[in-house]
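Trainee: Could you walk me through reading the pockets and the core of a model?
Mentor: Gladly, let's look at it together.

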Amino acid sequence: MTKRNTIEAAATRTQGRLFASYGLYGVRRRAEQFKEEKFTALLHHITPLLLKKSYYQLKHDAAYGVDEQTWYEYYEEHHKRIDDLHERVHKGSYRAQPVRRMYISKEDGRQRPLGLTSLEDKIVQQAVHIVLSQIYEADFANFSYGFREGRSQHNALDALYVGITQRKINWVLDADIQGYFDNINHEWLMKMLERRIGDKRILRLIRKWLKTGYIEDGKRIRPEVGTPQGAVISPLIANIFLHYVLDTWAAQWRKGQAKGDMIIVRYADDCVPRAQRRVT
């Protein structure tokens, strides 16, 4: 067995032992029971144990960020490193690094920007993602499928098929938000987060990731809007933003103003509203 295979096996065994509740079951229950409650004490859930779990969950062969640190290189003395990372997060001395920007080609020939995050930023983002998901999974609409636990593209397609074949649907609209990740408004996003998140330390972490910017052609750029596509926390941020600006509105409109059947399926920034009558 190679050294890399040995590391993989050890990480898998340890990860299995770490799949405990971390006290997060209580967060999920309160989020389900009290839909308007603000959670003011969340950072204490970011424990060394949760950070280790978050580290093990990362893709081991993912491209590195500006730190040039790979998952396997970090594995050496990773217990000590994660303990140090935990201390910095809780003392407020943790500093987010800018992402490394690269581009991949799209089918239409255009270039899609991706943000390659530093390894420790990935670890902390994954831990925060785990904690916040306990709250927002209790809030998100049933017709939202993208980047959610236990849901996939296949579930979204199944919902589309059932809606079209078994409901009175005459109009179908396919909508895609152009450049969605690059244009999320930071200030509005923070206001949305503050509806449920009252722990200012968690909010500061998210603001750090939004404001840290990216490195391109040797220059650091700090955009006023957007979240890096490819960052661990970005899919959750994207879902939270659209939960308030699209999903909540669609659910209320469907109940109050829609005439006849009206259903919607959303996967990230792609959505398919379907209606019995034309929506005007």
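Mentor: Keep in mind that this is a predicted model. Let's start with the pocket linings. The lining of the largest pocket divides into 19 nonpolar, 13 polar and 12 charged residues.

Trainee: What volume does the largest pocket have?
Mentor: Its volume is about 1400 Å³. The pocket is lined by 44 residues, and the closest to its centre are Phe147, Phe181, Gln229, Gly230 and Pro235. Strand S2 (111-116), H6 and H10 are the elements that give two or more residues to this lining.

Trainee: And how much space lies in the second largest pocket?
Mentor: About 590 Å³. Among its 25 lining residues, Asp139, Ala141, His243, Thr248 and Ala251 are the closest to the centre. The lining splits into 11 nonpolar, 5 polar and 9 charged residues.

Trainee: Which element gives the most to that lining?
Mentor: H10 does, with 8 residues. Helix H7 (153-166) and strand S7 (262-267) each supply at least two as well.

Trainee: How should I read a nonpolar core?
Mentor: The general idea is that nonpolar side chains tend to be buried together in soluble globular proteins. Here, the largest nonpolar core has 61 residues, and those with the most contacts inside it include Tyr55, Val128 and Trp209. Helix H6 (119-136) is one of the helices that each supply at least two of the core's residues, and the largest share, 10 residues, comes from H6.

Trainee: Which residues is Tyr55 in contact with, leaving aside its neighbours within four places in sequence?
Mentor: They are Trp71, Tyr74, Tyr75, His78, Ile82, Leu119 and Ile123. There is also a second, separate core of 6 residues, including Ala159 and Val265.

Technical notes: Residues are numbered from 1 along each chain as its sequence is written. This is a predicted model: local features need pLDDT of at least 70, side-chain atom pairs count only at pLDDT 80 or more; totals for chains, interfaces and linings use all residues. Side-chain values use heavy atoms; hydrogens and water are left out. A nonpolar core is a set of buried Ala, Val, Leu, Ile, Met, Phe, Trp, Tyr and Cys residues joined through side-chain atoms within 4.5 Å. Buried means under 20% relative accessible area, exposed over 50%, partly exposed in between (1.4 Å probe, protein chains only). Helices (H or I, at least four residues) and strands (E, at least two) are DSSP runs, numbered from the N terminus. Contact means heavy atoms within 4.5 Å. On a 1 Å grid over the protein atoms alone, a cavity is a set of points where a 1.4 Å probe fits but cannot get out, and a pocket is an open set with protein on both sides within 12 Å along at least five of seven lines; lining residues have an atom within 4 Å of a point. Grid points are joined across faces, edges and corners, and a volume is the space filled by probe spheres set on the points. Ala, Val, Leu, Ile, Met, Phe, Trp, Tyr, Cys and Pro count as nonpolar, Asp, Glu, Lys and Arg as charged, and the others, Gly among them, as polar.
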